Amino acid sequence: MTNNKFHYQCTNCGTQYSESQVTYLCQVCSESNSTELPPKGVLKTNYNYQKLIDEGITFSKLVQSKFLELLPINSLDSLPNLKIGDTPLYSIDKIDNSKLPFNLMLKDDSQNPTYSFKDRASSVVSAYAKEKGWDDIVTASTGNAGSSLAGICAAQGQKAIILVPESAPSAKLTQILMYGAKIIPVKGTYDDAFDLSIEATNEFGWYNRNTAFNPLTIEGKKTVAFELFEQLNFDIPDRVFVPVGDGVIISGVYKGFEDLLKLQIIKNMPIIVGVQAEKSNNLIRNINNSGFEIVKSATIADSISVDIPRNFYMAQKYIQDYKGEYVSVTDEEIQESSQILSKNTGLFAEPAAAAAFAGMLAYKNTNKLPDNSNNVVLLTGSGLKDLKSVSGFLNVPDSILPTIENMKKLLS
Ligand SMILES: [Zn+2]
């Protein structure tokens, strides 16, 4: 079935394409792409906003239809029969017993079926593939997107093929295998896996889920913005702290709010704060540069450890157009924040999510968050997915013979 409700627009040259004309990148801009620079030609999905306004769209109507008007699929029945999104937004009023002068809310996306934010994207890509008759979906992944696609495909009766760099954390690899996906470990980086997955897409005719290649991952990721608006009683937050690797999640958050702006449901864009690990900050370091300089990434936050931010140009444009902010945090800050977050809230987040929390703490410690402002930190995945990154600073005490005296010693 042809779907006429949206069209694509190239981030770089602005050319518009109908859905039947293109599946992945802008044909013109992607021709000159190399493996040394962020790819050009990533597409944005636009809907017929004016038509929706003329038809009297409201946010309540969108909630009722589960946002189908703003999704690239024809039927909600194409989505997996799992609870995706609708994740909790927790209010936190103090940290380390000190009351916060601002409102802090944590969006816990580890509550998705495969324990990460990526399920939002995988479910939409999978549903689209189902409507188009693709049974095999391939992706390159540092772990979360792969384990997510594997789980979603298991639920949908589709076949997932996952290319991972050999350094991917074992919990994520375990998930991929348990969901029955085909796993292909690649000697090399995420970027090497990415390139091979595209070759495989052309060779075998599979559908490709790669972020910043398949335009529809952003359409899944944007749903978090709709939920925030709903959970804040039809209001936008002042700031949203988002972990940034290749720039797709931050673009997804922007896209969701931008859809609402274009539908005149909201009047302003919240300030989105992109948080990168200092040892993997190729996106924010290059935002105002005319060229692009790559520094090899080496952070413990594997989900946001990226040499070439694949969605650089779209993220850059969003941040510039909507006056976004950005900050980088050290690995030490990420580890420390991970503990502060866990101890204060009961939420054990993966390092990438802890990075976003660390970004918020950096703002807090420099008094950049106004009193009574509403601030959201996007927690993108569960800490159980990467135990190694925190094991270095955790000590399990030596075991004791089971007497109360020994126990007293240990407690003292
Ligand atoms: Zn183009």
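What geometry does the site of the zinc ion have, with its 4 donor atoms? The site is tetrahedral, with angles of 106 to 116° among those donors; four donors count as tetrahedral if all angles lie between 85 and 135 degrees. For comparison, ideal angles at a metal are 109.5 degrees for four tetrahedral donors.

Before going on, a word about what you are looking at. This is a predicted model, where local features need pLDDT of at least 70 and side-chain atom pairs count only at pLDDT 80 or more, while totals for chains, interfaces and linings use all residues. Residues are numbered from 1 along each chain as its sequence is written, and side-chain values use heavy atoms, with hydrogens and water left out.

Back to the metal. The zinc ion is held by the SG atoms of Cys10, Cys13, Cys26 and Cys29, at 2.2 to 2.3 Å (donors are N, O and S atoms within 2.8 Å of the metal, or 3.2 Å for Na, K and Ca). Along the sequence, these donor residues follow the spacing C-x2-C-x12-C-x2-C. Cys13 sits in the loop between β1 (6-10) and β2 (16-18), and Cys29, 16 residues apart from it, in helix α1 (residues 27-30); helices (H or I, at least four residues) and strands (E, at least two) are DSSP runs, numbered from the N terminus. Cys29 is buried, with a relative accessible area of 11%, whereas Cys13 is partly exposed at 40%. Buried means under 20% relative accessible area, exposed over 50%, and partly exposed in between, with a 1.4 Å probe and protein chains only.

Next, follow the charges. A salt bridge is a side-chain nitrogen of Lys or Arg within 4 Å of a carboxyl oxygen of Asp or Glu, and by this rule there are 20 of them. One joins Lys132 to Glu19, with the closest N and O atoms 3.1 Å apart. Lys132 lies in helix α4 (residues 119-132) and Glu19 in the loop between β2 and α1, so this pair ties together parts 113 residues apart in sequence.

Now look at Lys222, which is buried at 0% relative accessible area. Lys222 pairs with Glu219 (2.6 Å, N to O) and also with Asp259, at 2.7 Å between the closest N and O atoms. Asp259 belongs to helix α10 and Lys222 to the loop between α8 (216-221) and α9 (223-231), so their bridge ties together parts 37 residues apart in sequence. Helix α10 itself (residues 248-262) is mostly covered, with 14 of its 15 residues buried.

Key. Tetrahedral: all angles 85-135°; square planar, octahedral: opposite > 155°, others 65-115°.
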